[in-house]
Amino acid sequence: MSKKILLEHAHIEGIRFYETYRKNGGYRSVEKALKMSPDEIVEEVKKSGLRGRGGAGFPTGMKWSFLAKPEGVPRHLVCNADESEPGTFKDRYLMEFLPHLLIEGLIVSSYALGSNATYIYIRGEYAWITDILEQAITEAKANGWLGKNILGTGFDCEIYVQRGAGAYICGEETALIESLEGKRGNPRIKPPFPAIQGLWMRPTVVNNVETLAAVVPIINMGGDEYAKIGVGKSTGTKLLSVCGNVNKPGVYEIDMTISVEEFIYSDTYCGGIPNGKKLKACIPGGSSVPILPANLLLKTAKGETRMMNYESLADGGFATGSMMGSGGFIVLDETQCIVRHTMSLARFYNHESCGQCSPCREGTGWMYKILKNIEYGHGKMSDIDLLWDVQRKIEGNTICPLGDAAAWPVAAAIRHFRDEFEWHINNPVEAQTRNYGLAHYADPIHVPTV
Amino acid sequence: MKQFSAEQLNQVQAIIARYPEGKQKSALIPLLHLAQETFGGWLDTDTMDYIASLLTIKPIEVYEVASFYSMFHMKPVGKHVFEVCQTGPCMLNGSDEIIAYIKEKLGIEAGQTTADGLFTLKPVECLGACGYAPMMQLGKHYKEFLTKEKVDQIIEELRTASKN
């Protein structure tokens with residue numbers, strides 16, 4: 001169901017500013033946390049079961065506990081606000097409307113990790129949000145929540161906002177660190193992990209915006225209470241950003257107990273597909289995760305109702321499932337062309353490859369070229385197998401996950417929509433003027449009951 | 001010789017002070033943004049050399065960074081750059097048509113600038129506004145839910161503003 005924890009106050013006018021935010025219970029978690037020991041806070045986050053909201057879903061408390069603490073070496077917390085995964089715009093919403101929630105989460109997390117200088121690395125295009133965050137930092141500092149000796153505890157903390165300059169790869173944590181050091185965004189070989197040698201070779205934790213904001217309710221209600229929200233290992237709430245062919249695109253907060261069908265068709269959320277069209281396919285977690293045809297999206301291969309949570313979306317592995325990913329929910333209606341859409345994503349990954357690893361640098365270019373040929377009527381039947389072969393050779397063979405992220409959408413499109421690729425090749429002229437349509441998917445295409 | 005104003009130089013010092021001593025190179029991307037805004041919307045070699053001197057790093061360290069990030073322009077651009085998103089989610093909502101319309105309306109191709117130096121068209125990849133597609137970045141802000149009418153209006157307003 002719809003459960004608002006992060007966005008509870010998002011509708012209040014003026015919540016962007018300190019006075020209103022504070023009046024509505026803001027900064028309580030800092031008051032509470034600074035009376036606890038840093039280890040106790042890490043313990044609460046562990047108990048909450050919070051998983052990284054950037055895409056990988058790694059348990060946050062565990063990530064925090066890996067942070068090395070050598071004597072005399074400063075540590076840093078870095079907030080990853082380089083939101084660049086196509087389909088994802090939830091962090092933007094959070095920062096734009098509730099900047100103080102992020103600042104509050106950052107102060108508590110900085111205290112827990114011992115970071116006296118914390119950096120928010122925000123994608124360069126979010127220029128106006130940089131101003132909003134800097135305004136919030138100034139207000140927080142003027143009210144004693146940042147700076148020296150916060151609340152008389154002896155804890156010092158400064159938060160700085162750093163703008164990137166247009167590079168998807170900088171969302172990968174080691175590339176982000178390189179960029180923050182004033183270099184090209186080339187990911188580092190791991191190990192060493194950032195928790196041991198990160199920013200300026202100091203121990204560093206990099207967390208997503210939504211993850212750090214979620215620390216606020218975790219401290220306020222306690223880790224155990226937070227863990228009761230949701231289901232299984234999908235605890236708490238998740239922000240989803242919905243785009244593509246739906247009646248109500250936007251950002252939604254859910255508690256991960258609803259079905260995908262309800263999410264798409266209920267008026268509380270996406271409100272169905274515009275103009276009475278049918279659902280063809282969906283990428284449920286940002287452009288990198290496998291696309292699913294309507295039948296496999298709404299029900300798992302075992303015939304169970306697919307739910308909006310980490311486990312259920314991944315049910316069936318990549319053969320018949322997908323991933324929660326970053327929560328970027330992209331919906332395609334029956335008039336959309338899978339080949340064209342996949343080509344667009346391939347161009348994106350080709351553009352964003354940093355160029356360090358040959359499989360990704362060359363492979364993404366090849367995938368884009370082959371897809372362009374098929375889309376524009378110059379494809380050969382052997383191209384489909386070639387495409388499959390290229391993506392297989394990228395996956396797992398690169399320093400960072402961008403290679404995988406580029407390979408998966410292509411693999412899933414061929415896996416589930418091979419006949420549409422074949423149709424393009426067999427009907428090069430017709431493919432320029434009309435869509436493949438739903439004829440071949442007619443049986444599994446769902447008629448909504450919600 | 002390009003030079004920041006005294007006020008900007010204070011800003012530069014404040015940015016460098018965000019980082020530990022000796023890590024002033026971290027200020028490179030913020031300074032390149034400032035330089036691009038100040039010196040005509042793009043980065044020429046003189047500008048990049050100037051930034052290198054401010055940070056006491058080698059010019060090549062600036063060139064390699066400036067050329068890596070897509071927001072830095074390495075060639076002159078028009079007064080207003082239409083950075084229209086063309087990635088998947090925007091494409092689903094008609095970004096191809098918007099880009100074609102802008103080309104037709106301004107009589108330029110992607111990457112070109114109008115003869116009056118006012119507009120450059122630059123199709124870009126995902127800007128994180130997927131739910132508000134199609135969209136473009138114009139300076140510091142986003143223009144979302146674009147239609148042909150909205151594009152007409154934006155162009156008209158900018159043309160009028162440039163005459164005043």
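Student: In the hairpin of S3(A) and S4(A), which residue takes a positive phi?

Tutor: In this predicted model, strand S3 (residues 147-150) and strand S4 (residues 155-163) of chain A pair in the antiparallel sense over 2 bridges. The hairpin that they form has 4 residues between the strands. The residue with a positive phi, near 55°, is Leu151(A).

Student: Which helix gives the most to the side of chain B that touches chain A?

Tutor: The contact involves 34 residues of chain B and 45 residues of chain A. On the chain B side, at least two residues each come from helix H2 (28-38), helix H4 (59-66) and helix H5 (88-92). With 5 residues, the helix that gives the most is H2(B).

Student: Why do the buried residues of H4(B) line one face of the helix, and within what arc do they fall?

Tutor: Val62(B), Val65(B) and Ala66(B) are the buried residues of H4(B), and what covers them includes H2 and helix H3 (45-55) of chain B. On the other side of H4(B), Ile60(B) and Glu64(B) are exposed. The buried residues line one face because, seen down the axis of H4(B), they fall within an arc of 95°.

Definitions and conventions:
Residues are numbered from 1 along each chain as its sequence is written. Chains are lettered from A and ligands numbered from 1 in the order in which they are written. This is a predicted model: local features need pLDDT of at least 70, side-chain atom pairs count only at pLDDT 80 or more; totals for chains, interfaces and linings use all residues. Two strands pair if DSSP finds at least two bridges between them. Two residues are in contact if their C-beta atoms, placed from the backbone, lie within 7 Å. A residue is buried if 20 or more other C-beta atoms lie within 10 Å of its own, exposed if 12 or fewer, and partly exposed in between; C-beta atoms are placed from the backbone. The arc is that of the directions from the helix axis to the C-beta atoms.
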